[in-house]
Structure formats: structure tokens, C-alpha cells
Amino acid sequence: MDLPVNFTDRIKKELGGEYDSFIISYDEKPLSGIRLNRLKISPDKWEKLSGVSLNKIPWIDNGYYYDANEWNASKSPFYYAGLFYIQEPSAQTPANVLPVEPGMRVLDLCAAPGGKSTELAAKLQGKGLLVSNDISATRAKALVKNLGVFGVKNALITSEEPGKLLEYFPGFFDRILVDAPCSGEGMFRREPAVMKNWEQYGTKYYNDIQKNIILKAADMLAPGGMMVYSTCTFSPDEDEGTLDYLLSERPEFSVIKIENNYEGFDNGHPEWINSGREEIRNAIRIWPHRMKGEGHFIALLKKADTGERFSSMTKTIPVKLMSDEKEFLLNNGIKEVELSRLELHVDKLYLIPEGLPDVTGLRILRNGLYIGDRKKGRFEPSEPFAMSLKREDIKYYLALPKDDERVIRYLKCETIDISDEEKKANDLDKAENGAYVIIGIEDYPLGWGKVSSNTIKNKYFSGWRMM
């Protein structure tokens with residue numbers, strides 16, 4: 001690979017005797033990975049269910065390598081069922097090392113397309129609040145879809161610059177992930193086109209952006225909270241330099257050692273930026289010649305437990321449900337206590353996350369779980385609602401075996417047939433024509449259909465269909 005001379009000259013000084021191994025690694029094929037959705041499946045269940053032989057990523061407890069020549073992950077029905085996210089192995093690290101517990105308030109500040117947000121949401125297990133933000137509304141469309149496919153109920157998805165969010169969430173979040181825009185040096189092997197961007201903008205352009213973002217994030221973190229700062233670049237100015245800047249501007253922060261200190265990780269290098277802050281060594285670097293992944297930098301930071309935490313109460317506008325709507329929701333996973341958090345915006349019904357402050361004025365792409373639409377006196381449930389449900393929460397469920405050709409037909413938005421025996425086995429003989437049913441692969445929902453005699457009319461969202 002024809003790497004930029006300015007880049008290789010700097011790397012040679014930094015790596016010394018490791019430089020030749022680093023350069024040789026660029027002749028190797030980039031690796032692909034998936035990360036399992038903890039909301040839906042465990043590694044043990046996945047390995048029994050999938051029938052696909054994959055190698056574990058040693059430092060990611062729910063991550064696997066896969067060979068794109070042997071398995072097309074993006075065409076797997078399990079991908080459409082939200083059982084996994086396709087993500088480069090090293091990129092799985094930042095969300096993995098951030099210690100998130102159910103009930104916390106969590107911010108993913110630069111979230112699109114959603115790889116890290118989906119993992120953070122899975123760690124929350126539907127409890128607490130996730131705010132997923134990306135300043136680009138175009139990129140954030142993928143974020144909306146991916147959180148929907150994963151079945152996330154408790155996310156506020158916004159498209160704002162960090163300063164605007166700070167007005168609403170000062171000292172609010174228990175955990176923050178800042179996967180900052182960067183020069184992308186760590187992606188040169190995987191995406192060679194990034195080199196043109198690097199040559200055009202260099203590292204200072206991104207470092208200025210990072211310094212602005214990290215201070216805004218620091219001020220949104222609650223006392224005692226923790227934050228991950230990460231990039232996919234090797235640039236010391238963007239990595240150690242940004243940390244050094246934060247520690248100078250916000251002395252209440254410290255860099256703490258990451259517990260999952262895999263043997264292949266390198267440490268941070270304060271000497272590369274002429275800093276005397278030894279705590280910067282607690283950060284980790286991923287190099288492609290040391291580990292099976294692309295370049296990454298990750299630092300875990302803690303804010304001193306002083307000062308006041310921002311408190312809030314969820315503000316909802318009560319919605320009067322039609323009797324059939326209420327019955328349908330209670331029969332399909334919505335709890336009685338959650339009915340008080342339902343809001344109607346125009347004709348769309350949402351389940352608002354618990355503990356959300358008043359966010360009027362923010363550019364909101366999705367506020368909580370999109371339940372469905374009211375259309376001329378009838379209710380149509382949404383695809384994200386289907387994906388948020390578990391089989392045991394659903395009144396009518398048609399479980400298709402993983403090798404059933406109707407799975408693919410359903411994902412292509414085709415009508416599927418069902419025998420009398422199948423109707424009886426799945427209790428669909430008790431359903432009236434026109435009743436909603438979830439179509440699933442094994443125990444995992446794919447989407448809605450409508451019973452019509454011995455066929456299921458397809459209600460899968462056409463924008464997500466398999467092509």
C-alpha cells in the first residue's frame with residue numbers, strides 16, 4: 001500500500017523496531033467482525049442457533065471474526081432479526097470497555113451509524129436512558145434504523161451540535177462515549193480512500209474539533225461519572241494530545257486503567273506529545289501488527305465526585321388510548337405502568353424513555369420507542385415495536401424454522417402461506433382474520449403480518465426489506 005510519506009516518517013520514529021512489522025501488516029487482509037446483541041441473545045445460544053462457525057474476538061466477550069468470502073453476514077436472516085451488528089473488531093472496543101449498568105443515563109455523542117450505541121443500549125437492558133446523537137442528520141438515519149432493528153426501547157435520538165446538548169444536559173449523564181471525528185489513520189488499510197482526506201485536512205483540523213467536543217462532553221458528565229474518549233487514528237495530537245488538553249482544562253478528570261487490559265494492547269504515550277502526565281499511559285492503543293484489528297485509541301476517564309448532579313422528571317403529554325389499542329398493547333409486551341409514558345405526536349405513538357427531562361427545542365429524530373400509527377380510527381403497529389418484543393410477550397406468534405424458505409420470502413415483503421396444522425400449533429386458529437401476528441425466525445421476531453385464512457399478509461417495513 002502506498003502510504004503517505006509524512007505518515008510513515010512519523011510512525012517510524014514512534015514505533016522504532018516495530019516499524020517493519022507495522023508496514024508488513026498493511027499487506028494483510030482487513031478482518032470483519034460481528035457483535036452479538038445482548039438484548040436478544042447470549043454467545044452460548046448464538047453458537048447453538050446460527051450453524052455458522054466463527055472465531056471469538058479475544059478481547060470482546062460478545063464479538064466474533066467472520067470471513068466475508070464464506071458467510072454473507074448482511075444477508076443472514078439473523079441480521080434482520082437484530083441478533084448481531086456488523087462491526088470492525090477494534091471498533092467494538094470503546095463501548096465494550098465503558099462500564100454501563102441498567103438504569104444509568106448514557107450519552108453516545110458522535111453515534112452514527114450506531115455500532116457503539118447498540119452495544120450501550122444492550123448493556124442498559126431497557127432500563128435507564130440512552131441519548132444517541134450525531135450532528136449529521138443524514139448519517140443519523142442509519143442510527144435510527146440500527147437502534148430500531150436492535151429492539152432498543154429507551155433511546156432519545158438527536159441531531160445536534162454538542163453545545164446545544166449541553167444546554168439541556170449539564171452534569172446529567174452517568175456515562176458518556178465520545179468516539180470523536182478524526183483523521184482516520186487507523187483505517188488506511190481498510191479504507192484506503194481515507195488517505196486523500198488525511199492529505200487534504202491533516203490532523204490539526206480534527207484536533208480542533210476534538211478539543212471542542214471533549215470539553216462539552218466533560219461538562220455533561222455527572223460528578224463521579226465515567227467517559228470514554230476514542231478515535232480510529234494513530235495521531236498523538238488527536239489522541240494523547242486531546243487527553244492532555246482535557247486534563248489541563250478540566251482538572252477534576254483523571255485517566256483510569258481499563259480493566260480489560262488484553263495483552264495485545266499498547267499503552268498511551270505522553271512522551272510523544274512532550275507531556276509529563278504519566279496517567280495518559282492508562283489509555284490503550286490498538287496496532288494492526290499487534291492485534292487482529294484496525295488502528296484505535298481508547299481512554300477511560302473519571303470525573304471527581306464533587307458538585308451537584310442534574311435531576312429531572314419525565315414530562316409526557318397523556319394520550320387517550322382507544323380500547324382496542326390498549327388491549328392490543330397490553331397483549332403485546334407493553335406493561336400497564338408504561339401506558340402513562342405513551343405520547344401521541346401527530347398520528348404517531350411513542351413510548352417515552354423514563355427519566356427524560358424536557359427536551360423541547362432539540363432536533364429530535366426519535367423519542368423513545370416508536371409504537372405505531374393511528375390511521376383513520378385503526379392502529380398499525382410499527383416495525384421497531386415488533387423488534388422490541390420477546391416471543392413470550394406476544395399474543396400471536398408464528399415461529400418459522402431458520403431454514404424455512406418462507407423466512408426469506410417474508411423479508412422480501414411477500415405474502416406467506418400457512419397450513420391448518422401450523423395455525424393450530426401456533427394458536428393462530430384462535431385469531432380472527434385481520435389480526436396482527438409476529439413472524440419470527442425461531443424465537444426471534446422479524447416483523448408483523450396479518451392473518452387472512454391460510455395466508456399471512458406481509459406487513460414488514462418495505463424500507464428494511466431484503467433485496
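The model is predicted, so local features need pLDDT of at least 70 and side-chain atom pairs count only at pLDDT 80 or more, while totals for chains, interfaces and linings use all residues. Residues are numbered from 1 along each chain as its sequence is written, and side-chain values use heavy atoms, with hydrogens and water left out.

Let us start with strand E1, residues 32-36. Helices (H or I, at least four residues) and strands (E, at least two) are DSSP runs numbered from the N terminus. Five of the five residues in E1 are buried, where buried means under 20% relative accessible area, exposed over 50% and partly exposed in between, with a 1.4 Å probe and protein chains only. In a regular strand the side chains alternate between the two faces of the sheet. Here Ser32, Ile34 and Leu36 point one way from E1, and Gly33 and Arg35 point the other way.

E1 has antiparallel links to two strands. Four bridges join E1 to E3, residues 63-66, with Tyr65 as the bridge partner of Gly33. Three bridges join E1 to E4, residues 84-86, and there Ile34 has Ile86 as its bridge partner. For strands to count as paired, DSSP must find at least two bridges between them.

Next comes a sheet to trace on your screen. Four strands form an open, antiparallel sheet in the order E14-E15-E17-E18. Strand E14 (342-345) and strand E18 (378-381) stand at the edges with a single partner strand each, so one side of each has no neighbour in the sheet. From one strand to the next, the twist averages 30 degrees. E14 is joined to E15, residues 348-351, by four bridges, and Leu342 stands opposite Leu351. Helix H12 (residues 323-330) packs on this sheet, touching E14, E15, E17 (369-375) and E18, and its direction makes about 25 degrees with that of E18. Such axes are lines fitted to C-alpha atoms, for helices over the stretch in contact, and angles run from 0 to 180 degrees between N-to-C directions.

Ser50 is buried, with a relative accessible area of 9%. A polar atom of the Ser50 side chain lies 3.2 Å from the backbone nitrogen of Val52. Leaving aside neighbours within four places in sequence, Ser50 is in contact with Phe78 and Lys402, contact meaning heavy atoms within 4.5 Å.

On a 1 Å grid over the protein atoms alone, a cavity is a set of points where a 1.4 Å probe fits but cannot get out; a pocket is an open set with protein on both sides within 12 Å along at least five of seven lines; lining residues have an atom within 4 Å of a point. Grid points are joined across faces, edges and corners, and a volume is the space filled by probe spheres set on the points.

The structure holds one cavity of 30 Å³ or more, and the largest cavity contains about 80 Å³ of space. Its lining includes Val144, Leu147, Ile157 and Tyr370. H7 gives the most to this lining, with three residues.

The largest pocket holds about 980 Å³ of space. It is lined by 40 residues, of which Ala112, Pro113, Lys116, Arg139 and Asp179 lie nearest its centre. Among the elements giving two or more residues to the pocket lining are E1 and E4, while the largest share, four residues, comes from H10.

Technical notes
Polar contact = N/O pair within 3.5 Å; in protein donor to acceptor, adjacent residues only side chain to side chain.
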